[in-house]
Amino acid sequence: MKLYHLRNATLVIETDLHVILVDPMLGKRKTIPPFTIFRYKPKRNPLVALPKNSRDILSKVTHCLITHLHPDHIDKAGEVFLRRKSIPVICNIKDEKQLTKRGLNITQTLNYWEPQPFLDGKITGIPAIHGYGFIAKAMGNVMGFHIELANEKSIYISSDTIFTEHVEKVLVEFKPEIAVVACGTARLDIGQPLLMRMNDILKFVALAPSQVLANHLEALNHCPTTREELRLALIENNLLSKVSIPEDGESVSY
C-alpha cells in the first residue's frame, strides 16, 4: 500500500487493485476565504498550491471517500473532478442528500460503527468529534473510516477529530496498521481548537499499534501547528520512529 499526501487532508490510498481519494480539496491557492480573521492572519486558503505531481496521482483514482462537508475537505474543484469522472463516492449517510444535490455519484453511505462490504474488504464509519467544547456542535457531522482490504494493511482515517473514546476504541480494539491523524490544531476566532492539541496527538501516536501518518498541516490559515513543531514534540517523546510527516506530493509506502 502506498499513501500519497497531496495537501491538507487530501490523501490518495493506492493498492494493487484500487486507488482511493480521500477528501479532495483540489482548488488553486487562495480560492477559499480565511477561516479566521482575528486569531491568525486572515490569509485566503489554501495557503499552498497542489503539488506538481498531483495530476498524475489523481488520474488513477477509482473511488472517493468524503469525511465531511467543510470546504477544506471537499471544495468546488474537488466536486468538479468527481462529477467529471463520475467517480463512485462513499460518505456518511447524513451527508448523502447534500452531496447528491451537488451532482456527485454516491454509491455507498455509512452509519457509525456499522461495518459494510467495501471493494474486496470492508469499511466501518467511525464517529469524529470536530472540536473541544461547544464548537464541536457547530462543526457538524464528521466521520472517520476504518478500512480493511484483502491482502493490504488496515488503515484508520481518523479525520477532523479531537481525541475521544471512539478514537481510543479504534486504536486499541481494531488495531489499525496505519493510522492517519489531523495535526494542525485548527482554531476559529472563537472557541477551543477544532483538532487535537499536541498532548492528544502524542497520546494518539503512543496508543497507535503501528505506523501513523500526520496530515492537515501548513495549508490553512487557521492551523498554526507546523511540521517542524510536530517533529520536535515527537522527538522529545521518543515517538518519531512511528510517524511519517510527508511534504505535499510525497508518498509513503507501507
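**Notebook: pockets, cavity and cores**

I began with the second largest pocket, which has a volume of about 180 Å³. For my own reference, a pocket is an open set of points on a 1 Å grid over the protein atoms alone, with protein on both sides within 12 Å along at least five of seven lines; a cavity is a set of points where a 1.4 Å probe fits but cannot get out, and lining residues have an atom within 4 Å of a point. A volume is the space filled by probe spheres set on the points, with grid points joined across faces, edges and corners.

This is a predicted model, where local features need pLDDT of at least 70 and side-chain atom pairs count only at pLDDT 80 or more, while totals for chains, interfaces and linings use all residues. Residues are numbered from 1 along each chain as its sequence is written, and side-chain values use heavy atoms, with hydrogens and water left out.

**Back to the pockets.** I listed the lining of the second largest pocket; among its residues are Y40, K41, K43, E218, C223 and P224. By class, that lining has 6 nonpolar, 3 polar and 3 charged residues. Here Ala, Val, Leu, Ile, Met, Phe, Trp, Tyr, Cys and Pro count as nonpolar, Asp, Glu, Lys and Arg as charged, and the others, Gly among them, as polar.

Next I looked up the largest pocket, with about 620 Å³ of space. Of its 24 lining residues, L26, G27, L50, L58 and A77 are the closest to its centre. Helix α2 supplies the largest share of this lining, 6 residues (helices are DSSP runs of H or I, at least four residues, and strands of E, at least two, numbered from the N terminus). The classes come to 10 nonpolar, 4 polar and 10 charged residues.

**The cavity.** Of the 15 residues lining it, A9, I157, S159, V180 and N215 lie nearest its centre. Strand β11 (residues 178-182) gives the most to this lining, with 3 residues.

**The cores.** The largest nonpolar core has 26 residues, and F204 is one of those that touch the most other members. Helix α6 gives the most to this core, with 4 residues. A core is a set of buried Ala, Val, Leu, Ile, Met, Phe, Trp, Tyr and Cys residues joined through side-chain atoms within 4.5 Å; buried means under 20% relative accessible area (1.4 Å probe, protein chains only).

Leaving aside neighbours within four places in sequence, I noted contacts of F204 (heavy atoms within 4.5 Å) with residues including Y156, L171, M196 and V212. Apart from this core lies another, of 21 residues, among them I123, F145, I157 and V252.

Terms used: Buried < 20%, exposed > 50% of the residue type's maximum accessible area, 1.4 Å probe, protein only.
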